[in-house]
Each structure stands twice: as C-alpha cells, then as structure tokens.
Amino acid sequence: MKQNDLILQTVTKVAAFVILLFAVAIFLGGHYSPGGGFVGGLMTSAAIVLLLLAYDIKTVTKILPIDYKLMIGLGLFISSLTVAGGLVFGVPLMTHVYRYIDLPILGHISLHTAVLFDLGVYLVVVGVTMTIIQTIGESE
Amino acid sequence: MIEIVEILSAGFILIGVFLFLVSAFGVIRLPDVYTRNHAASKSSTLGIMFILIGTLLYFYYKHSHFDFRVVLAIFFIFMTSPVAGHLINRSAYHSGVKMWDKSVQDDLKKNR
C-alpha cells in the first residue's frame, strides 16, 4: 500500500523551527546559563536529523544546500583565528576581551570574543554530526 | 498569595503524578499494543503538562523567574507526543501486530 507521512511531515515543519530556535537560545546563553556551542550544535543537528527522518535526503539537501565538511573547516578556521588574535595585539594566545555596549532595544549587553570561539565549536559540531549521519544514511 | 500559589502548584504536580500512575497501570493492564499506546501517549502527555505548569507557577511566584523553556517544553510535548504515539501505532499495524481478540472494528483492513 502507499505510505503517507502527512502527520509526521506537518509536525516536523513546526517542530524543526522550535528546536532550531531553542538551539540558538542555548548557544547565545551559554556564557551565563547551561548550554553553549556543543549543546547548541548537537540540537541544531537534531533538528536537521528530524527533517531527514520526515523527508528524504534529496529534499533536505535541496532545502539546506550546505557542504558539512566545508562547515567543519570553517568552524576550525574561526576558532583558530580567535585564538591567534592574541598574536596581533601582543598578548598571550587565547586571550579574550569583552566590552559592554548599550543597544537601543536589547539594552546593556556584553560583547565577548569567546562567543566567536563558541561559534567555531558550534559549526564543527554541526558539521561532524551531519557528516557522520549523512555518510551512514547514504551508503546502500 | 504565595501560599495559594504553592498549594496550587503542588496540586498541579500531584495531578500530573497521578496521571503518570494511571498511564503506567494502563500500560501494564491493557491487552494489546494499540490500547497500551493509547494509555501511554495520552495520559502521560497530560501528566507531564500538569507537572510543567506546576513548576512554571512555582518558579514564577516564588523566585519571580519566568522560564520560557518550560513554556516551550509544554508546547513541544503537547505537539510531538501524540504524533510519536501515532507513529508507533501505525508502524505496529503495518508490521502486522494482531489486535485484541475482542476488537470489533478494523477500518484500515481494506487498505492493507
């Protein structure tokens, strides 16, 4: 008989956005609350895996045309650039700086270069997880 | 005010735990996969929503901390848990799991 995944696909359309939003919230709140780049990256890849479960791999690569191996390289590059920023300013490696600024709507927030390091971790985690899962899923 | 909210959230959490207990008894006592899944997915969804509402109320009034993650979890569980039950039931039906002997109606049989 013909399979019909209408309920799963409709719920996935909503649930993937909820998971992605929560992943971004965990990632940005990592400095002050539990979470950070690793958990946020795993949760983002969980949302993509949910899309992979509901649709097939061709549709997902059409929705998100991302080369995940390139993403690993980009994440490592951003992290090592953040670490090597100490060389330019003549301070020890992995020195991070921060500054408080006042934005009109968001208020008094701090900008920290550790977020950039965490962004690298995030990209590497998403890239590695999705590379593993897609490589296993594509092999016949 | 704080006492009312404490009693209210304790009531919510106790109702939730009671619904979990009902769900566990249903999983043990009911005869086949479909009725068990009915018990497991329905009453434990409502149970965990009651528990989360109680937690949300308690932390909002006691510590004045509104946790958006709990609201998100209520929404998310309400949305996904019945779908999980539906998928388990459907895959059980399509892999040929027998219904209970005393079942009288099987509307999906002509599509099989």
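Rings of Phe, Tyr and Trp (its six-membered ring) are taken as a pair if their centres lie within 6.5 Å. By this rule the predicted model holds seven aromatic pairs over all chains. Among the residues involved, B:Y60, B:Y61 and B:F66 are linked by ring pairs into a cluster.

The model is predicted, so local features need pLDDT of at least 70 and side-chain atom pairs count only at pLDDT 80 or more, while totals for chains, interfaces and linings use all residues. Residues are numbered from 1 along each chain as its sequence is written, and side-chain values use heavy atoms, without hydrogens and water.

In chain B, an unreviewed UniProt entry lists residues 7-28, 40-61 and 68-88 as "transmembrane region"; such annotations may be inferred rather than shown by experiment. Residues 7-28 of chain B are 100% helix (helices being DSSP runs of H or I, at least four residues), with end C-alpha atoms 31 Å apart. Residues 68-88 of chain B are also 100% helix, and there the end C-alpha atoms are 30 Å apart.

In chain A, the axes (lines fitted to C-alpha atoms over the stretch in contact, with angles from 0 to 180 degrees between N-to-C directions) of helix α2 (residues 37-54) and helix α5 (residues 114-138) come within 8 Å and cross at roughly 35°. Contact means heavy atoms within 4.5 Å, and the residues making it include A:G40, A:G41 and A:T44 of α2(A) and A:V121, A:Y122 and A:V125 of α5(A).

A:I78 lies in helix α4 (residues 68-89) of chain A. Beyond its neighbours within four places in sequence, A:I78 contacts A:L116, A:L119, A:G120 and A:L123. A:I78 and A:L119 are 41 residues apart in sequence, with their C-alpha atoms 7.6 Å apart.

Methods: Chains are lettered from A and ligands numbered from 1 in the order in which they are written. Helices (H or I, at least four residues) and strands (E, at least two) are DSSP runs, numbered from the N terminus. Rings of Phe, Tyr and Trp (its six-membered ring) pair if their centres lie within 6.5 Å; planes under 30 degrees apart count as stacked, over 60 as edge-to-face and the rest as tilted.
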